[in-house]
Each structure stands twice: as structure tokens, then as C-alpha cells.
Amino acid sequence: MTADALVDCEGTFATLRQAFPAIHSDVDWWIPVNCALLRSGDTSVLVDTGAGPKPRPFMPDGEARLLDELARRGVSPEDVDVVVHTHLHVDHVGWTGSFPNARYVVHEQDWAYFMSERSLADRPHLREKVLPLERVECVTAETEIAPRIHMQPAPGHTPGHVIVRAEGVAAIGDLVAHELQVADPSLFFVNDMDAGVAAATRRRVVAELAADGTRVIAGHFRGIGRFEPAGKGFRWAVE
Ligand SMILES: [Zn+2]
Ligand SMILES: [Zn+2]
């Protein structure tokens, strides 16, 4: 099993205060947009597909380099067997459709919410990238999506948000969006669709990952790290 954190692009879309109203700072929140590559035996699993190539609606300026990052690791688009979407936000589906041999795995509740007619009317990126997919597998509960690679529901940020776990590594999408939420898992992020469920899931899953010493790849943290207990919350220890 190997795990890589791949940066598709970097940029900002909000100040800290705009993203986390309890944080009184007008500093721009600068984030990488990450994907995770998990390889087990002959199987290559890509978790999320970044913000995608230009032109794009979200963080329009930064060059997107997911396909270059995969190529640097010897992985062509044809080599990707499975794409798992932790959720269907715009910064997680950007290169979706670029992997001709992949089956795509999404939680049923994200599919139901984001792919409804009403949602698609407001989300051209889903109409263009996700709607045309032919091999979509919707799952509802913990599922082994490739040998020794599991997806687990972790709802709250979106209704069907999931994390992906594989032998000591977890790709967690936007379960935690900022290190401030590691220190205080109750900290509200404006893009969390159900604040209460998101906070409860965050506290439970971060505690589990910390207890196991699991290596973590998050959607918007730099590199690979671990969660460690600290005070009433946790801290992010990057490798
Ligand atoms: Zn998100
Ligand atoms: Zn995100």
C-alpha cells in the first residue's frame, strides 16, 4: 500500500472570518486543493479530483496540475481504476471524467442531493463533469471499494460525505477544513451543510484517527500528517 497527497492547485476563496465566523481575522485563507492517490497491489484509487483545469468557477487563477502529479508517480489517466468522491463540492470533482477506465464511487445521499434537477440548475460543473459519467456506483454504508480500501460515511459537511481508509492511512476530504477545527472540532465552517452533524462527526472521527495513529491526507491541509490529542481537542502533526 502506498499513499500520496497530490496538490491540484492552491489559492483562496475567503478570509478566515468569512469561512469561520467565530475567527475574527480578515486574513485570506490560503489553501491547497488536494487529492489522494492510494495504490494497493495493482489497483490505483484516486480520492477526489481537485478543482480541475481552467476555465473554472472556483479559485479560477491557479494552474491545475493533478494529471502532472499523477504522471510524476507513473500513473496515467488510464491507470486509475477507481475514483472515490468524498463529496461533490466544486473543488473535489474538477478532473472527474478524465479517467476513462475508472468506476466512480459516491455516497447515495450526496448523489441524491447534488444531482437533483434543482441542484444541477445551479451547478454547471456537475452537469459537465459528473452527469455524463457512465460507471457510477452509489453506496450507502461502509464499503470495500478495492482490496483493503474502504469508504466510510462521515456526514455533516455534506449529507453523504465519506472518508476513505486503507491500512494505516485515511483520506478525509473536508471532514476537517482547517487546523483550527482540529484544535476545536466544534468550530463551524460556513460550507458545512449540517453544522451539528458535521461537528459531531468531526470530533468522533478525528478522535478515532488520533487513537489509531492513522496517517491522514485532508482536502485542504499541506502534506500527510497525524492527529494527536492536545488539550480539549487535537493537533495536526505534519510528517
Ligand atoms: Zn467541501
Ligand atoms: Zn473542499
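This is a predicted model: local features need pLDDT of at least 70, side-chain atom pairs count only at pLDDT 80 or more; totals for chains, interfaces and linings use all residues.

The points below cover the pocket, the cavity, the aromatic pairs and the nonpolar cores.

1. The values in the points below are computed from it.

2. Largest pocket. How much space lies in the largest pocket? The volume is about 160 Å³. Its lining consists of Trp29, Trp30, Ile31, Pro32, Ala177, His178, Glu179, His220, Phe221, Arg222 and Trp236. Strand 2, which spans residues 28–40, gives the most to this lining, with four residues. Sorted by class, the lining has seven nonpolar, two polar and two charged residues.

3. Cavity. The structure holds one cavity of 30 Å³ or more. The volume of the largest cavity is about 50 Å³. Its lining is made up of Asn34, Cys35, Ala36, Val47, Asp48, Ala171, Ile172, Gly173, Ile217, Ala218 and Gly219. Which element gives the most to the lining of this cavity? It is strand 2, with three residues. The class count for the cavity lining is seven nonpolar, three polar and one charged.

4. Aromatic pairs. A pair of aromatic rings is described by the distance of the centres and the angle of the planes. The structure holds eight aromatic pairs. One of them joins tryptophan 29 and phenylalanine 189 edge-to-face, at 5.6 Å centre to centre and with 85 degrees between the planes. This pair links distant parts of the chain, 160 residues apart: tryptophan 29 is in strand 2, while phenylalanine 189 is in the loop between helix 6 (179–183) and helix 7 (195–212). Tryptophan 29 counts as buried because its relative accessible area is 5%, under the 20% limit. Phenylalanine 189 is likewise buried, at 3% relative accessibility.

5. A second pair. Tyrosine 113 and phenylalanine 114 also form an edge-to-face pair, 4.9 Å centre to centre with 85 degrees between the planes. Are these two residues buried or partly exposed? Tyrosine 113 is partly exposed, with a relative accessible area of 38%, whereas phenylalanine 114 is buried at 0%.

6. Ring cluster. Ring pairs link Phe13, Phe20, Trp29, Phe58 and Phe189 into a cluster.

7. In soluble globular proteins, nonpolar side chains tend to be buried together. The largest nonpolar core here has 23 residues, of which Leu46, Leu66, Leu70, Phe99 and Leu126 touch the most other members. At least two residues of this core come from each of strand 2, helix 2 (66–72) and strand 5 (103–107). Beyond residues up to four places away in sequence, leucine 70 touches Leu6, Leu37, Leu46, Val75 and Phe99. Another core, of 20 residues, lies apart from the largest one and has Ala3, Val84, Ile145 and Met151 among its members.

8. Valine 93. Where does valine 93 lie? It is in the loop between strand 4 (82–84) and strand 5. Valine 93 is buried, with a relative accessible area of 1%. Leaving out residues up to four places away in sequence, valine 93 touches Thr49, Gly50, His85, His87, Leu88, His125, Leu126, Lys129 and Val130. Valine 93 and valine 130 are 37 residues apart in sequence, with 7.6 Å between their C-alpha atoms.

Methods
Residues are numbered from 1 along each chain as its sequence is written. Chains are lettered from A and ligands numbered from 1 in the order in which they are written. Side-chain values use heavy atoms; hydrogens and water are left out. On a 1 Å grid over the protein atoms alone, a cavity is a set of points where a 1.4 Å probe fits but cannot get out, and a pocket is an open set with protein on both sides within 12 Å along at least five of seven lines; lining residues have an atom within 4 Å of a point. Grid points are joined across faces, edges and corners, and a volume is the space filled by probe spheres set on the points. Ala, Val, Leu, Ile, Met, Phe, Trp, Tyr, Cys and Pro count as nonpolar, Asp, Glu, Lys and Arg as charged, and the others, Gly among them, as polar. Rings of Phe, Tyr and Trp (its six-membered ring) pair if their centres lie within 6.5 Å; planes under 30 degrees apart count as stacked, over 60 as edge-to-face and the rest as tilted. Buried means under 20% relative accessible area, exposed over 50%, partly exposed in between (1.4 Å probe, protein chains only). A nonpolar core is a set of buried Ala, Val, Leu, Ile, Met, Phe, Trp, Tyr and Cys residues joined through side-chain atoms within 4.5 Å. Contact means heavy atoms within 4.5 Å.
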